[in-house]
Amino acid sequence: MKVRVRLFGAFRQGRFRDKILDLEAGITPSGVMESLGIDAGKAGIIMVNSRHASLDRALSEGDILAVFPAVGGG
Amino acid sequence: MKDRIFRVNMTNLFTSIEEVPAAWAALGGRGLTSEIVAAEVDPSCHPLGASNKLVFAPGLLSGTVAANSGRLSCGAKSPLTGTIKESNAGGTAAQMLARLGCKALVIEGKPQEDKWYSLHVTPQGVTISEETELVGKGNFQVVDTVHSRLGQQHGVITIGPAGEMLLLAANISVKDPDGKLRSHGRGGLGAVMGSKRIKFIAIDPADSTIPLADPETFKKASRTFAKALLEHPVSQTLGEYGTDILINVVNEAGALPTRNFTKGQFEGHDAISGETMHELIKKRGGKVKHFCHKGCVIQCSQVYNDKNGKYLTSGFEYESIWAMGADCCVDDLDIIAEADHLMDDIGIDTIETSVAMGVAMEAGILDFGNGKEALRILREEVAKGTPLGRIIGCGAGTVGKTFGVTRVPVVKNQAIPAYDPRAVKGIGITYATSTMGADHTAGYTIATNLLNSGGHVDPLSKQGQVELSRNLQIATAAVDSTGMCIFTAFAILDDERCLPALVDMINARFGTSLTADDVTALGKRILKTERQFNMQAGFTSAHDRLPEFFSLEAVSPHNATWDFSGREIDEFWDF
């Protein structure tokens, strides 16, 4: 299944900003991170289709997954 | 050096030093500025008249070695909102004033003659001098001139032409360790300083240290506090990417106000993001990390150079970048940086002025996305005080009224900052109820609504938002009294070592025995004091509301509207 994956902050380094990946059905954000060599424990915010999601939520075809490190500011 | 109150009367040009009244002894920063303004300023006064007072106060821990404790509070009745106002800034002044034993600098009255003045704060008190050379000049020239007159080590608090012209968005700038500027940005405090005819305040570099009641405990607690700050992952990201890291987060969440608050996502978001800024700084030889005062362990500031490697701006913040960027649809970071530098020099709030520019774009004064015209307006209209420049320099509300725009994002006439309240409902409660007008820092629910700090409350649901905003506004009022940077709040929310260490430092500084409950009580007391002032100034719960368009117009991508009733908002004050 195709999932659009967006990486932010230091997660982009040596990887990509925004890419459509072909992934196994039902993969979770945690699984996507593992496949990209990112420690899931370093994830600060996960969004699926612009809504906050947990690391173990099952993704669906056409989802947009955004992975952020812990961020702050304001 | 013993803490005292430094007082300056601009009507008769007398200055004095007073003992600290017992009621003020345990207060600092916002707690003290709001207490003094509430006690000494008639709430019904004209903010630019002789009856208003401008109060500066370092935080309770400013001047000590406590990490990130160098915030200076500035308070008065705001000419922009008509409410009480506290705006705090980094820079070197808080630590310098604290080391001079200046617990508060209270400036009152108004000169009778048409002259400008400067103040010089020394260990012996304050002297007043007539100023002619720097009248009409920008803030950077003021800093350079004070350096050449008095020496590089002096602190500087200054207003630019905007403050002199009494524009309602005028800010007060504070010199940072590199001779650049940080700002008391919001609420038009620069106009209050201009109304007192004070162009700048120079501060003597005293080398005295702050007396501590219990130095050993202080040392231990300050180490624990600094360690907790350093280890928090948010501190690390802030150091690398600055606050502008938020552009992509808030955009992804559909809460980045775009095109004068008509959309929640900006197509050009990546071009103005913290990630892009980080790459450009590295490529052009700026500084990724930079601090606004000594002892900051987060270092969210940066030095941003142009494409030729020449200094363009520093302290280039998310809010400023969002306002001139997404809100005005300008997707060029260099143009936004130039605007940021110009506004620093003119001495005008980047949030208020850029949101005003967005409303002017909606009115057809210039096109959305036309950053070059925005720069021209800043340089040739605002800085020179032309009629259009004064309208924009008086903020978003003034632009809206002047040109008949109905989509005007303000609360109590202060521009709403960088998070759409329809898509992050907690921050909408803060904008509505803050004693300061629309102010994200007053109760930064973004931490919990979007950033998973202090737990998570769904940004699109009404559930739990009033309580979240209330708890954060109470905590923030207390933190704003300590001199601590608001970015310590992420560690305070998430790391259980942090708050006890903060309380221990305050106790070890003053010989008190406060507990965490006392800190909460202090926050409540400050909010109630400020609210009481506002009510006496004529504000009611009817003013604790967002503009109508937020209820009528849904914002993409979540198709969200503002759906809190007035009664639900008013529950905020049930404490």
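The legends below describe close-up views of a predicted model. In this predicted model, local features need pLDDT of at least 70 and side-chain atom pairs count only at pLDDT 80 or more, while totals for chains, interfaces and linings use all residues. Residues are numbered from 1 along each chain as its sequence is written, chains are lettered from A and ligands numbered from 1 in the order in which they are written, and side-chain values use heavy atoms, with hydrogens and water left out.

**View 1. The contact between chain A and chain B.** Chain A contributes 22 residues and chain B 33 residues to the contact, where contact means heavy atoms within 4.5 Å. About 2,200 Å² is buried between the two chains, with carbon and sulfur atoms giving 54%; buried area is the accessible area (1.4 Å probe) that two parts lose on being put together, summed over both. In chain A, the residues that lose the most area to chain B are His52(A), Val71(A) and Gly74(A), together 26% of what that side buries.

View 2. Five salt bridges are counted between the chains, each a side-chain nitrogen of Lys or Arg within 4 Å of a carboxyl oxygen of Asp or Glu. One of them joins Arg17(A) to Glu279(B), with the closest N and O atoms 3.6 Å apart. On the side of chain A that touches chain B, β3 (43-48), β4 (51-52) and β5 (64-69) of chain A each supply at least two residues. Helices (H or I, at least four residues) and strands (E, at least two) are DSSP runs, numbered from the N terminus.

**View 3. The largest cavity.** This cavity holds about 80 Å³ of space and is one of five cavities of 30 Å³ or more in the whole structure. On a 1 Å grid over the protein atoms alone, a cavity is a set of points where a 1.4 Å probe fits but cannot get out; lining residues have an atom within 4 Å of a point. Grid points are joined across faces, edges and corners, and a volume is the space filled by probe spheres set on the points. Among the lining residues are Asp3(B), Leu27(B), Cys102(B), Lys103(B), Arg509(B) and Phe510(B). Both β6 (102-108) and α20 (498-510) of chain B supply at least two residues of the lining.

**View 4. The second largest cavity.** About 60 Å³ of space lies here, with a lining that includes Lys412(B), Arg531(B), Asp544(B) and Trp573(B). Helix α21 (residues 516-536) of chain B gives the most to this lining, with three residues.

**View 5. Two backbone features of chain B.** Most residues other than glycine have a negative phi, and most peptide bonds are trans. Ser556(B) and Pro557(B) are joined by a cis peptide bond, with omega about 0 degrees. Pro557(B) lies in the loop between α22 (549-552) and α23 (566-570) of chain B. Asn68(B), a residue other than glycine, has a positive phi, near 60 degrees, and belongs to the loop between β3 (54-58) and β4 (72-77) of chain B.

Technical notes
1 Å grid on protein atoms, 1.4 Å probe; cavity = no way out; pocket = protein on both sides within 12 Å on 5 of 7 lines; lining within 4 Å.
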